[in-house]
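Hi,

Here's the structure I promised to pass along. Have a look at it first, and then read on for my notes.

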Amino acid sequence: MTDEREAPPGNAVLVIEDSRTQLFALRAALERAGYDVCTVESCEDALPVLAEVPPDIILCDVVLPGMSGFDFCRRVRSFENAVVGNLPRSEEHTSELQSH
């Protein structure tokens, strides 16, 4: 039996991750939970997606080639109605998040 759940309204998720393995795992878990998922491998690729069809939530790696996840969050904060939260994965990243 699969763990199929119905996601609440507002279920569009954008995942930004440069590891294809992580992208695959995140997409599979989110879709299994009932979310509509869009994936991109860079922040630069995510910007046009945001302009076209804004997601309800964004999951973004912070360590990416090109624009970092931190720079992306700063850019998204400038959008109207944007709410940005951070989920640090290490103490090093926690310190960096607090400095921004």
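Below is what turned up when I went through the salt bridges.

One thing to keep in mind: this is a predicted model. Side chains of opposite charge can pair when their charged atoms come close. With a cut-off of 4 Å between the side-chain nitrogen and the carboxyl oxygen, the count here is three salt bridges.

Start with glutamate 41 and arginine 20, whose side chains meet at 2.9 Å, N to O. Arginine 20 belongs to helix α1 (residues 20-32), while glutamate 41 sits in the loop between β2 (36-40) and α2 (43-52), so this pair ties together parts that are 21 residues apart in sequence. Arginine 20 is exposed, at 62% relative accessible area, whereas glutamate 41 is partly exposed, at 31%.

Next, stay in helix α1, where you'll find both glutamate 31 and arginine 27, four residues apart, or about one turn of the helix. Their side chains form a salt bridge at 2.8 Å, N to O. Glutamate 31 is partly exposed with a relative accessible area of 37%, and arginine 27 is partly exposed too, with 27%.

Finally, go to helix α3 (residues 69-77), which holds aspartate 71 and arginine 74, three residues apart and again about one turn of the helix. This salt bridge comes in at 2.2 Å, N to O. Aspartate 71 has a relative accessible area of 35%, so it counts as partly exposed; arginine 74, at 36%, is also partly exposed.

Cheers

Key. Residues numbered from 1 in each chain as written. Predicted model: local features only at pLDDT ≥ 70, side-chain atom pairs only at ≥ 80, totals over all residues. Heavy atoms only, no water. Helix = DSSP H or I, 4+ residues; strand = E, 2+ residues; numbered from the N terminus. Buried < 20%, exposed > 50% of the residue type's maximum accessible area, 1.4 Å probe, protein only.
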